[in-house]
Amino acid sequence: MQISQSPDVTYDDIGGLEDQIREVREAVEAPLVDAAQFETVGIEPPSGVLLHGPPGTGKTMLARAVANETDATFIKMAGSELVRKFIGEGARLVRDLFELAGEREPAIIFIDEIDAIASKRTESKTSGDAEVQRTMMQLLSEMDGFDDRGEVRIIAATNRFDMLDRAILRPGRFDRLIEVPEPDAEGRERILEIHTEEMSLADAVDFAALADETAGLSGAELASLATEAGMFAIRDDRTTVEYDDFRDALAKIREEEDENTGPIAFV
Ligand SMILES: Nc1ncnc2c1ncn2[C@@H]1O[C@H](COP(=O)(O)OP(=O)(O)OP(=O)(O)O)[C@@H](O)[C@H]1O
Ligand SMILES: [Mg+2]
């Protein structure tokens, strides 16, 4: 289990996603910071927030940023870490997770890659399935008993929304869904700016043009585009990174993409 007082990501480090940031703040931050207002208005804040969307779009970043901005204890666990070898071990970890959060409130529990324990029941009858199921049931029962737990918020993330067991989406569980999409041109421009902030750039690097050329790239791919562009400059023995370095880097990334998604040979 990873506990930290405050992860180092801020909202400013996240490009695009303004709506998603606002929604997360409303659902997670506001109830922690201003619990009294929810009480006065007489509504329960959402129980759990589920961030979902394609890989590398900023879901994990967003969860870390909200924890950073609230001073809440941040307890992070990957779904895969909850899949254990011995019977009952995963369920016990889930119990410990919520108990620890209760002791350290205000706290945010973040379960990343929740699909590892909350996938739809499959046809296969492999021995691990029943155990994974048990772990998920424990999570659901902890969430159902959430009301008495005070200032604990729960966030989960997945890039396999289609695979999730619908039981976890019921009211009182993960009842606030926030979709984190791939960045649009404006978002890509902002992400490129963020990831090149520390780089020595030639004046002629036009981020708006780069944003247009990078359609389909995720935030994570844009981050590696910036690094790769820097590598081209170094190879060329230069100290500033030029527009053409970004274009070369992009060509390389596109090429790798083609190799990975190329036609599959007949079997
Ligand atoms: N919106 C964004 N703004 C800035 N950087 C981003 C953004 N999205 C992704 N990145 C970069 O990509 C890296 C990976 O992002 P993150 O881990 O948040 O993706 P994710 O959505 O959780 O992906 P996965 O579904 O694969 O877990 C970040 O550390 C950051 O460098
Ligand atoms: Mg992630």
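Predicted model: local features only at pLDDT ≥ 70, side-chain atom pairs only at ≥ 80, totals over all residues.
Author: Local features need pLDDT of at least 70 and side-chain atom pairs pLDDT 80 or more, while totals for chains, interfaces and linings use all residues. Residues are numbered from 1 along each chain as written, chains are lettered from A and ligands numbered from 1 in the order written, and side-chain values use heavy atoms, without hydrogens and water.

Reader: What is His52 in contact with, leaving aside neighbours within four places in sequence?

Author: Contact means heavy atoms within 4.5 Å. On that basis the partners of His52, beyond four places in sequence, include Lys59, Phe161 and Glu179.

Reader: What makes Ala116 count as it does by relative accessibility?

Author: Ala116 has 31% relative accessibility, so it counts as partly exposed. Ala116 sits in helix α5 (residues 115-118).

Reader: Which residues come nearest to ligand 1?

Author: They are Gly15, Gly56, Lys59, Thr60 and His195, out of 17 residues around ligand 1. A residue is near a molecule or strand if one of its heavy atoms lies within 4 Å of it.

Reader: What is the distance from an oxygen atom of ligand 1 to an N or O atom in the side chain of Lys59?

Author: The distance is 2.8 Å. A polar contact is a pair of N or O atoms within 3.5 Å; within protein, one must be able to donate a hydrogen and the other to accept it, and residues adjacent in sequence count only if both atoms are side-chain atoms. The Lys59 pair is therefore a polar contact. A backbone N or O atom of Gly56 is also 2.8 Å from an oxygen atom of ligand 1.

Reader: How do you know where ligand 1 lies relative to domain 1 and domain 2?

Author: Domain 1 (2-179) and domain 2 (185-259) both give residues to the shell, so ligand 1 lies between them. The domain bounds come from an automatic or database domain assignment.

Terms used:
Helix = DSSP H or I, 4+ residues; strand = E, 2+ residues; numbered from the N terminus. Buried < 20%, exposed > 50% of the residue type's maximum accessible area, 1.4 Å probe, protein only.
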